[in-house]
Amino acid sequence: MIGGFTKRLGRELNDLKSNPAVGISVFQADDFRIWLIDIKVMDDNPIYVGKKFRLQFRFAPTYPIEAPEVQFVASYGIEIPMHPHIYSNGHICLDVLGSGWSPVQTVASVSMSIQSMLAGNDRNERPPDDARYVAHAPISPKNTRFVYHDDSV
Amino acid sequence: MDEQQHNSASEQAVSERDPDLRALKYVMLDDNLICPICRCALVDPCYTKCGHTFCTLCLFKALSQTPKCPVDRSSLSDADVLPPPKILSNMVNELLVHCSNEDKGCKRTCQRSLLRHHLLESCEYTPVPCPSATCDQFVERRYIDSEKPARCLHELIACRACDVKIPEIEIATHELVCSQRTLKCPDCAVVFTMADIVSHTSECAMARVPCNANNIGCKWVGIRAKLKNHESECTFIALAPVIEKQEDRIARLELENKSLRIQPSLTTTSGMVDSDAFHIFTEHERFRSELEKVSEQLGELEIRHGVLIMNQNVRLKEEVQSMRNAMHGIRHQMHFLLMEHRNWALQNLNSSMITSAAASLSSQTASSSNNAQFSGETSSIGRGTRRENESFRQDVRL
Ligand SMILES: [Zn+2]
Ligand SMILES: [Zn+2]
Ligand SMILES: [Zn+2]
Ligand SMILES: [Zn+2]
Ligand SMILES: [Zn+2]
Ligand SMILES: [Zn+2]
Ligand SMILES: [Zn+2]
């Protein structure tokens, strides 16, 4: 039974590569521990137009029963997107990544949720508690007990 | 000790032969038979009260984390997990799969539920214990010849080319790739080792090669030694740069064309969202038309209600009027009766005074005739009253 999660991830990787969603591409997936997924916001939202962002997925052997650890990472020429639910250290406040997780979610479906969360945003700002959160945040966003902001944004 | 080792090794081999159903290659797989958790064909499926299907093991693992249906998030306890309909378990058991030894060379496909039997009993590529009683290694079943006496197939044999010692069952595969094996070039007849032959074939002067411009139409084929000579006078070669440039342009235009064709489909990013939006839109339309109907009915009802009240009002008014008339009549009668009563009382007083006077006068006849006249008058009064009463009753009934 050990290794079941790699089989599922293998399938997901095949799907991601053979049947990619618009604006979502695999940047790096060399093993079954960490994947980097690049996303672009497809409509012409002025906050994100022409930009590319990079999501980091970290998997444990409990995947998909437990949620993966997901956050944005910055890199050369790639920044953390501005959003009232995304902290400047890349942590994302989204219930799908915590209490709202279900094992039928996939890397692709999570990426698409985040993509649409960006597409629907019109506020070029960080969460109000950004400075305080980033100063004390745990390394893994999964160790944060987010109080999910309202979903109107 | 030796025997014990042999036993445990063979046990391990048997458990390895138990196929991992999630790693199999399926000949064809319906999306409906895929578990949404492990994304493989359902293994030992179960069914939930909310109508979803999972592998039993996958679902219980998910429920131990969150007691909710992984698909629709409705609350779900272990008791809400039901055995699957018989037809479903039959469908997954009868799925056609490729033998898990396909990579070793087995071409068999069979129903999934029969695969274990195939691997254990008949697959030519399943490792089985070496026939020799003293050897604890395994050989694929195809190497065992039941006609011949049992012997170990792992004895080392020297390769005829490189002299390295190789187990007997592997020697055939080794010889095909042994770097020291010699081979004669089919074109120039020179003998080379396996290690050198690859580089030689790409430069053998006697090998027959086509002109480099054969992709754009030159039909020339000849030995490599004469190729240079041909290319110096080949018109196709001279044209090649021009044609190449053209083809480059065509490819670029095609690419652009394709991306232009894709763009309209971007607006409908996901079919699901589209159909959802459409669904919501039609619901909205339905509600609006229903609302219109209801408000129309409400207006009609209001009018009907108003007419009803007016009718009733008119009738009540008429009734009140007739009551008033009746009361009027009663008042008249009362007045009349009161007057009559007073008259009567006065007359009574008068007559009593007269009788007392007459008594003193002692006129018997006068008094009796007076009495008769009086009684006639009273009876006429009673008749009048009754008539008035009747007319009043008729009024009221009106
Ligand atoms: Zn499953
Ligand atoms: Zn369900
Ligand atoms: Zn087989
Ligand atoms: Zn042997
Ligand atoms: Zn050799
Ligand atoms: Zn040659
Ligand atoms: Zn030519």
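Modeller: In this predicted model, the zinc ion (ligand 6) is held by four side chains of chain B: Cys185(B), Cys188(B) and Cys204(B) each coordinate through SG, and His200(B) coordinates through NE2, at 2.0 to 2.3 Å. The angles between the 4 donor atoms around the zinc ion (ligand 6) run from 100 to 122°, and therefore the arrangement is tetrahedral; the rule asks that all angles lie between 85 and 135 degrees. Along the sequence, the donor residues of this zinc ion (ligand 6) follow the spacing C-x2-C-x11-H-x3-C. Cys185(B) has 2% relative accessibility and so counts as buried, the cut-off being under 20%. Cys188(B), at 25%, counts as partly exposed.

Next come the aromatic rings. Searching the whole structure gives 7 aromatic pairs over all chains. One of them joins Phe53(A) and Phe72(A), which are edge-to-face, with 6.3 Å from centre to centre and 80° between the planes. This pair links distant parts of the chain: Phe53(A) belongs to strand S3 (residues 53-58) of chain A, Phe72(A) belongs to strand S4 (residues 69-73) of chain A, and they are 19 residues apart. Phe53(A) counts as buried because its relative accessibility is 1%, and Phe72(A) is buried with a relative accessible area of 1%.

The rings of Phe59(A) and Tyr63(A) also pair: their centres are 5.0 Å apart and their planes lie at 65°, so this pair is edge-to-face. The angle counts because the cut-off for edge-to-face is over 60 degrees. Phe59(A) and Tyr63(A) are both buried. They also belong to one aromatic cluster, together with Trp35(A), Phe57(A) and Trp101(A).

Rings can have a charged neighbour too. In chain A, Arg54(A) lies over the face of Phe27(A), 3.5 Å from the ring centre. In chain B, the charged end of Arg286(B) is placed over the ring of Phe287(B), at 5.3 Å from its centre.

Side chains of opposite charge can pair when their charged atoms come close. Over all chains, a search of the whole structure finds 12 salt bridges.

Three further examples can be taken in turn. In chain A, Arg33(A) makes a salt bridge with Asp31(A), and their closest N and O atoms are 4.0 Å apart. Asp31(A) counts as partly exposed because its relative accessibility is 32%. Also in chain A, Glu125(A) and Arg123(A) form a salt bridge whose closest N and O atoms are 3.1 Å apart. Glu125(A) has 33% relative accessibility and so counts as partly exposed; Arg123(A), at 35%, counts as partly exposed as well.

In chain B, the side chains of Glu140(B) and Arg142(B) meet in a salt bridge of 2.7 Å, N to O. Here Glu140(B) counts as buried, because its relative accessibility is 18%, whereas Arg142(B) is partly exposed, with a relative accessible area of 37%.

Terms used. Residues are numbered from 1 along each chain as its sequence is written. Chains are lettered from A and ligands numbered from 1 in the order in which they are written. This is a predicted model: local features need pLDDT of at least 70, side-chain atom pairs count only at pLDDT 80 or more; totals for chains, interfaces and linings use all residues. Side-chain values use heavy atoms; hydrogens and water are left out. Donors are N, O and S atoms within 2.8 Å of the metal (3.2 Å for Na, K and Ca); water is not among the atoms, so sites may look incomplete. Four donors count as tetrahedral if all angles lie between 85 and 135 degrees; four count as square planar and six as octahedral if opposite donors are over 155 degrees apart and all others between 65 and 115; anything else is irregular. Buried means under 20% relative accessible area, exposed over 50%, partly exposed in between (1.4 Å probe, protein chains only). Rings of Phe, Tyr and Trp (its six-membered ring) pair if their centres lie within 6.5 Å; planes under 30 degrees apart count as stacked, over 60 as edge-to-face and the rest as tilted. Helices (H or I, at least four residues) and strands (E, at least two) are DSSP runs, numbered from the N terminus. A charge sits over a ring if NZ of Lys or CZ of Arg is within 6 Å of the ring centre and within 35 degrees of the ring normal.
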